[in-house]
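Q: I have a structure to study and would like to learn how to read its features one at a time. Could you take me through some of them?

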Amino acid sequence: MSSVIELLKKIFSNKQLRNKMLFTAAIFVIFRFFAHVPVPAVNIEKLQTLFASNQFLGILDIFSGGTLANFSVMAIGINPYITASIIFQLATMIFPTLKKLSKDGESGREKINQYTRFLSAPLAVLQSISVLVLLNSQGLLNTQDPFAIVAMILTLVAGSMVLMWLGELVTLYGIGNGISMVLFAGIVGQLPLALVQLASVSGAEQYLTLAVFAVLLLFVIASMVIINEAVRKVQVQYAKRIRGSRMYGGQSTHLPLKINQAGVLPIIFAVSIMLVPPFLGRLLTVTPDARLVSIGQNLQVWFTPTAWPYMITYFIIVFIFTYFSTLIFFNVDDLSDELKKSGAFIPGIRPGKPTAEMLTFILTRITFIGALFLGFVGVLPSIVQVSTGIPSLAVGGTGMLIVVSVVLETSRQIESQLIGQDYERYT
């Protein structure tokens, strides 16, 4: 406890760090305020009842920070920007122009970020339309006026763009990555409500079960920290070079390969994919064709979070996309070229293509552990709900993983700034 107090004293004694943390806290307050400003012409009471009765929608509501159940002006959240980022990350690996632009330093990355913002707007429009179509199919819209519908779409798009802007402000003037911090604020902001709901529906006979799962939750969080920080150290040797009368190089170091290179990206991608079947099911149930209605009902049954088809499909998507994103985003060919240019090599392995093959061999095997873990984290809420029968335990594994990742990354940034402060004191 004394070490925590000492750390807080160090943080608040650093004026620059203190201002960054206060600015980030102010952005969190603004975000939570807008999260409770509802869009007009929507039956909020029926919408909240729908979210309470549908476990999958409940998970999405927690993930969005409560903006969906309230249907606030930020109901679609930061999802369009995340989707646009994924698209451009994939495009960077496919199109040579974007790949070259990504290697142009800060200016190139800024251009790609600008393109990502431009793409976020049309994606926000599409997502707003799909959400309104879903609400209309459930009879939750109080108006059919085209002008009112257009105004609602523009409101949702504007809310998403404002949220994206707030995230970028956190990146520039606050602490941590802005987009991750916005997701963190939304998830943490829902935890008190989730705990209150859990206490209200839990009977005395379920307290022992809850205690057991609380211990398991601590174990899972510890596992997330271990997997998130775990690396495979590949030894790297620098060749000796003689320039004039001096010898350079010859040092031995290591190349850290993270077990979880993909982060939370595979789970976010899987959540987006798993939205499609129940959404189609709801649309098919309102069609006049009896066969389509039957298909729609089956889709809704199969793809509820407690159904085995949902859990198996979800796990497979997360597992496959973990490998895909790791092998695509972590370019071993570029890394081997950079090692070759700097005069570095893996002992016993020739530079160039053999080094790339060696790194691929290692990465493929350590990613297997990361993919299994992410798949387990993805289906964890469903397993907990099936085991306990308590629908309030809908806290997504994605949410926990985001919270753990953001806390670890933010703590590293704070530690580096504190070390920099101590360094400047003695220079």
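The dialogue below goes from a sheet to helices and then to aromatic rings.

A: Gladly, and please keep in mind throughout that this is a predicted model.

Q: How do the strands of a sheet pair, and in what order do the strands of the open sheet come?

A: Strands of a sheet pair through backbone hydrogen bonds, and the pairing can be either parallel or antiparallel. Here an open sheet of three strands has the order E4-E1-E5, and the pairing is antiparallel. Strand E4 (252-258) and strand E5 (344-345) stand at the edges with a single partner strand each, so one side of each has no neighbour in the sheet.

Q: How many bridges join E1 to E4, and how many join E1 to E5?

A: Strand E1, which covers residues 231-238, pairs with E4 over seven bridges, while the antiparallel pairing of E1 and E5 has two bridges.

Q: How should I read the length of a helix, and what span does H5 reach?

A: One way is to set the span from the first C-alpha to the last beside the value expected at 1.5 Å a residue; for helix H5 (residues 79-94), which has 16 residues, the span is 23 Å, close to the expected 22 Å. Among the buried residues of H5 are Pro 80, Tyr 81, Ile 82 and Phe 88.

Q: Is Leu 163 buried or exposed, and which residues does Leu 163 contact beyond its neighbours in sequence?

A: Leu 163 has its place in helix H8 (residues 146-173), and Leu 163 counts as buried because its relative accessibility is 3%, under the 20% cut-off. Leaving aside neighbours within four places in sequence, Leu 163 is in contact with Phe 31, Met 74, Gly 77, Ile 78 and Val 182.

Q: Is Arg 117, a charged residue, buried or exposed?

A: Arg 117, in helix H7 (residues 106-137), is buried, with a relative accessible area of 18%. Not counting residues up to four places away in sequence, Arg 117 touches Tyr 81, Glu 110, Met 164 and Glu 168.

Q: How is a pair of aromatic rings described, and how many aromatic pairs are there here?

A: Such a pair is described by the distance of the ring centres and the angle of the planes. In this model the count comes to eight aromatic pairs. The rings of Phe 319 and Phe 368 have centres 5.8 Å apart and planes at 85 degrees, so this pair is edge-to-face. Phe 319 lies in helix H14 (residues 308-329) and Phe 368 in helix H16 (residues 353-388), so the pair ties together parts that are 49 residues apart in sequence. The rings of Phe 321 and Phe 324, by contrast, have centres 5.7 Å apart and planes at 35 degrees, so that pair is tilted.

Q: What separates Phe 321 and Phe 324 along helix H14?

A: An α-helix has 3.6 residues a turn, so residues three or four places apart point the same way. Phe 321 and Phe 324 are three residues apart in H14 and are therefore separated by about one helical turn. Phe 321 is buried, at 6% relative accessible area, whereas Phe 324 is partly exposed, at 38%.

Key: Residues are numbered from 1 along each chain as its sequence is written. This is a predicted model: local features need pLDDT of at least 70, side-chain atom pairs count only at pLDDT 80 or more; totals for chains, interfaces and linings use all residues. Side-chain values use heavy atoms; hydrogens and water are left out. Helices (H or I, at least four residues) and strands (E, at least two) are DSSP runs, numbered from the N terminus. Buried means under 20% relative accessible area, exposed over 50%, partly exposed in between (1.4 Å probe, protein chains only). Contact means heavy atoms within 4.5 Å. Rings of Phe, Tyr and Trp (its six-membered ring) pair if their centres lie within 6.5 Å; planes under 30 degrees apart count as stacked, over 60 as edge-to-face and the rest as tilted. Two strands pair if DSSP finds at least two bridges between them. The expected span of a helix is 1.5 Å times one less than its number of residues.
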